Structure formats: C-alpha cells, structure tokens
Amino acid sequence: MYPLIRNRRLRNSEAIRHLVRETVLTPSDFLVPLFVVEGKGIKEEIASMPNYYRLSLDNMEKEVRELWNMGLCAVLLFVKVPDNLKDNAGSEALNDHGLMQLAIKTVKNACPDMLVMTDVAMDPYSSYGHDGIVADGQILNDETVEVLAEMSVSHAKAGADFVAPSDMMDGRILSIREALEDEGYLNTGIMSYSAKYASAFYGPFRDALDSAPVDLKNVPKDKKSYQMDSANRFEAIRETQQDIDEGADIVMVKPGLCYLDIVREIKNEVDVPVAVYQVSGEYAMLKAAAEKGWLDHDSVMMEQLISIKRAGANIIASYFAKDAVKLMG
Ligand SMILES: NCc1[nH]cc(CCC(=O)O)c1CC(=O)O
Ligand SMILES: [Mg+2]
C-alpha cells in the first residue's frame, strides 16, 4: 500500500487546521511598549517606525484605555527625556515626579488593572546615550547598579507592577531585589532583560527616544562591552540562570526573530516565564518591505508572532500587538 501516511488529511480545511493547531496567539500574550513624551496633545510618529508614536500623558491615557478594551492587559513604559535633563548620573531617573513616575500614575488612574512594567535603564537619561555611568571610556558597572536599584524603588513607589531592567549590568537583579525588599515593595516583580544582545536592530528605538550613544572621544560608540555578542549561545543560558538566581520573576531574550534558537534553548532550560522582545528594527523591516509592496504585511506579521510563541515565548513585547489583536477579530 502506498502511501502509508497522508499528512495532508490534517491540512485539508481551515476547520481541521484549526483543530490540530499547536500554537495560538491571544491578546494576553502581548506586552505593549509605549513611548511617552513631555507636553500636551502630542502624538508624533517615529520616522523609522511607521504608525508608531510618541505620546504625551493625555494621549497615552487614551491609548491605554483603548488597549484595555482590546484585551491587551500589559504595557511597557519608556520615556523620552529632554536633553536639558540628561546627565552622566541618571539624576532625572530618580525624580519621584519625573515623566516616568507620572506616566505610571496616569496608567494606574485610567486603568487600575492594566499591568504596568517600566523600563529601568539609564540611556534615556544619559547625556552620553549609555545604559550606565561613563568614565574614562568605560561604562561603570557597580556605580550604575546603585542608580538602577534606586530607580526601581522610585518606579515601585509610583505604582509600577514590574520593573524591567534593560541595561545588562552584572549583579543588578540582586541589588534591585534587595532594594525593593528593603523598601517594602515585596510584590513588585522584576522582568529581567537577561539575554540581551548588542544588536543593530535597536536603531529605530534609539531614534524614538533620541538615546543613541553620542559621538564623543572617550565615549564608547556601541554597547558591546555590556550587551551580549550575537555569536554566543551558552552565555545566554548562563546570563539567564544568574538572573533567576538573583531573583528575576520573568526573564527575556532580545531581539526576537534572529534569536529564536536561544529562546527555545532557554525555554527548555528554565522554569520561569520567558519573554521575547520583537524589537524596533524588526518592526521597521516589515513596515518598509510592506510599504514597497514586497511583503504582505499582515500575513508576515502573524507568521513572525506565531513563530516567536512557538519558539517558547510566554510573553511577547511587540510594536505589532495592536495590529495583531485587530486581526484576531
Ligand atoms: N536600555 C536600552 C533599550 N531598551 C530597549 C531597547 C531596544 C528596544 C527596541 O529596539 O525596540 C534599548 C536599546 C538599546 O539597548 O540600545
Ligand atoms: Mg547578566
């Protein structure tokens, strides 16, 4: 008898495909990044991220209500800090009345059940565009970790549910955890960017926040001394395990698509939820190809997102979250 097996019996109709589908996306898979700016009535499109915007607090509040009504229940907040508030110490990050702290309160007031995660890193506040204090051409680890711990407490005080350190300094998860415990924020979670690669896919994000490393003598031009080398795999597991040991509740792999092998490996290795950040450059690539008519936007978007989930993501941070949920109907 030939053929013995006809695999296409399980593919013949949408109904059977649906019935045997292994991976399904839902709105609750997503974490929605939001870019917040000072001012009122502002909704500025980011040049390298078509259809993605910097929002002032009033517009962010509207956006958050809309997300909630769509079933999107978690946001990841980033702020664009004006140049005059930037320095080499991240001072503005510790301002309890700063833009981030106001943004947290605004979301919680508008939508108390929305999960609020906050970016903890110095780069939006750094006059040099680095995730740490710069001295003699180096990014200082331990001095930076102290700032990150204080920043985390300030976010927790403002009402953040989770802090999300995106900097890759060594030992910061333990310091942040200790600082939160000391201040009584026992229930504030930590989502650690644990395997974050020094990637060229972050370009549009740095445009969005005007946070690229500056071109000055004695300031490193890239983040390769603290973010991971894209060639490395075992190191990703080591980094992730260390962050779990230090108290991370959720770990993350970043970027997404080029690193799905790492996602699967980490998913097999650890027993905490794994988040994946589909980053700005991944978003920009698809938008550009779709604008040219070279790729079908919606189909490619859904294929990418399902692949990220199939690889092992429990949480997907993505600029496509809204578009994807609209398609889910
Ligand atoms: N702390 C910096 C940070 N937090 C999130 C992103 C990138 C996100 C994206 O590209 O969408 C970056 C950029 C960087 O490391 O330079
Ligand atoms: Mg680490």
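1. Burial. In this predicted model, 45% of the 329 residues of the chain count as buried.

2. Overall dimensions. The secondary structure of the chain consists of 11 helices and 12 strands. Its radius of gyration is 20 Å, close to the 20 Å given by the globule rule for 329 residues, so the chain is as compact as a globular protein of that length. Along the principal axes, the C-alpha atoms fill a box of roughly 75 × 45 × 40 Å.

3. Contacts along the sequence. Among the contacts in the chain with a separation of 6 or more, 74% are between residues 24 or more positions apart.

4. Packing of two helices. Two packed helices are described by the angle between their axes and the distance between the axes. Helix α8 spans residues 260-269 and helix α10 spans residues 297-311; their axes come within 8 Å and cross at roughly 30°. Helix α8 is therefore roughly parallel to α10, since angles under 35 degrees count as such.

5. Residues at the helix contact. On the α8 side, Leu-260, Val-263 and Arg-264 take part, and they meet Ser-307, Ile-308 and Ala-311 of α10. The residues of this contact divide into four nonpolar, one polar and one charged.

6. The residues around ligand 1 include the aspartates Asp-119, Asp-123, Asp-131 and Asp-167, together with Arg-206 and Lys-223. Also around ligand 1 are Ala-121, Ser-166, Tyr-202, Phe-205, Val-279 and Ser-280. By class, the shell around ligand 1 comprises six charged, four nonpolar and two polar residues.

Methods. Residues are numbered from 1 along each chain as its sequence is written. Chains are lettered from A and ligands numbered from 1 in the order in which they are written. This is a predicted model: local features need pLDDT of at least 70, side-chain atom pairs count only at pLDDT 80 or more; totals for chains, interfaces and linings use all residues. A residue is near a molecule or strand if its C-beta atom, placed from the backbone, lies within 6 Å of it. Ala, Val, Leu, Ile, Met, Phe, Trp, Tyr, Cys and Pro count as nonpolar, Asp, Glu, Lys and Arg as charged, and the others, Gly among them, as polar. Axes are lines fitted to C-alpha atoms, for helices over the stretch in contact, and angles run from 0 to 180 degrees between N-to-C directions. Helices (H or I, at least four residues) and strands (E, at least two) are DSSP runs, numbered from the N terminus. Angles under 35 degrees count as roughly parallel, over 145 as roughly antiparallel, 65 to 115 as roughly perpendicular and the rest as oblique. Two residues are in contact if their C-beta atoms, placed from the backbone, lie within 7 Å. The radius of gyration is taken over C-alpha atoms; the globule rule is 2.2 Å times the number of residues to the power 0.38. A residue is buried if 20 or more other C-beta atoms lie within 10 Å of its own, exposed if 12 or fewer, and partly exposed in between; C-beta atoms are placed from the backbone.
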